[in-house]
Amino acid sequence: MNFLEDVPVVRRIDTNRDDLFAVELVGHVRAPDVENLFGLFEAACAQHPRIDVLVRLVDHDGVDWADIAADTLKQCSAEAADHVGRCALIGESSWSNRMQGWLAAPSTVEIRHFPATGEADAWAWLDAHEKPADV
């Protein structure tokens, strides 16, 4: 067994805003990772009537879209429509285009894509910053 297989794909990012749901997705995203991500997203929505979202992709090499339950995607899209104001997507644009189509279709979510080199602009757009990790 490779120890890298145990590295989590979905990682929460601590920020200065309680109403900002920020995550980093690392590597290949599988259906269980999406279920984990959705659970974290649901919890954030339960805590605040309106939230902003930041998703940062790192070393992204695909999403197993076909393996994700249609009900999960449908429910997450509905949650986004009800709770999300702004969504900043940082990283590969092809993934961001798919995410934009999935999130924006039934809602008024304001979505912007930022290349990895424009991450500072994404944080500024959300009027937020990442908290340094406790060491």
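What is the order of the five strands in the open sheet? The points below begin with the answer, after a word on the source.

1. This is a predicted model, in which local features need pLDDT of at least 70 and side-chain atom pairs count only at pLDDT 80 or more, while totals for chains, interfaces and linings use all residues. Residues are numbered from 1 along each chain as its sequence is written, and side-chain values use heavy atoms, with hydrogens and water left out.

2. The five strands form an open sheet in the order 1-2-3-4-5, with mixed pairing; strands here are DSSP runs of E with at least two residues, helices are runs of H or I with at least four, and both are numbered from the N terminus. Two strands are taken to pair if DSSP finds at least two bridges between them. Strand 1 and strand 5 (110–114) stand at the edges with a single partner strand each, so one side of each has no neighbour in the sheet. From one strand to the next, the twist averages 20°.

3. Within this sheet, strand 3 and strand 4 are paired in the parallel sense over five bridges, and Val 53 has Cys 87, in strand 4, as its bridge partner. Helix 1 packs on the sheet, where it touches strand 1, strand 2, strand 3 and strand 4, and its direction makes about 170° with that of strand 2; contact means heavy atoms within 4.5 Å, and angles run from 0 to 180 degrees between N-to-C directions, along axes that are lines fitted to C-alpha atoms, for helices over the stretch in contact. Helix 2 lies across strand 3 and strand 4, and runs at about 120° to strand 4.

4. Helix 1 (residues 31–47) has 17 residues, which at 1.5 Å a residue should span 24 Å, and its end C-alpha atoms are 25 Å apart, which agrees; the expected span is 1.5 Å times one less than the number of residues. Its buried residues are Ala 31, Asp 33, Val 34, Leu 37, Phe 38, Phe 41, Ala 44 and Cys 45, where buried means under 20% relative accessible area, exposed over 50%, and partly exposed in between, with a 1.4 Å probe and protein chains only. These residues cover an arc of only 145° around the axis, which puts them on the same side of helix 1; the arc is that of the directions from the helix axis to the C-beta atoms. The face turned away from this buried side carries the exposed residues Pro 32, Ala 46 and Gln 47. Among the elements that cover the buried residues of helix 1 are helix 2 (70–83) and strand 4 (84–90).

5. The whole structure holds eight salt bridges, each a side-chain nitrogen of Lys or Arg within 4 Å of a carboxyl oxygen of Asp or Glu. One of them joins Arg 11 to Glu 24, with the closest N and O atoms 3.6 Å apart; the pair links distant parts of the chain, Arg 11 being in strand 1 and Glu 24 in strand 2, 13 residues apart. Arg 11 counts as partly exposed at 29% relative accessibility, whereas Glu 24 counts as buried at 14%.

6. Glu 130 and Arg 56 also meet in a salt bridge, at 3.2 Å from N to O. Here Glu 130 lies in the segment after helix 4 (119–125) and Arg 56 in strand 3, 74 residues apart. A network of salt bridges links Arg 11, Glu 24, Arg 56, Glu 119 and Glu 130.
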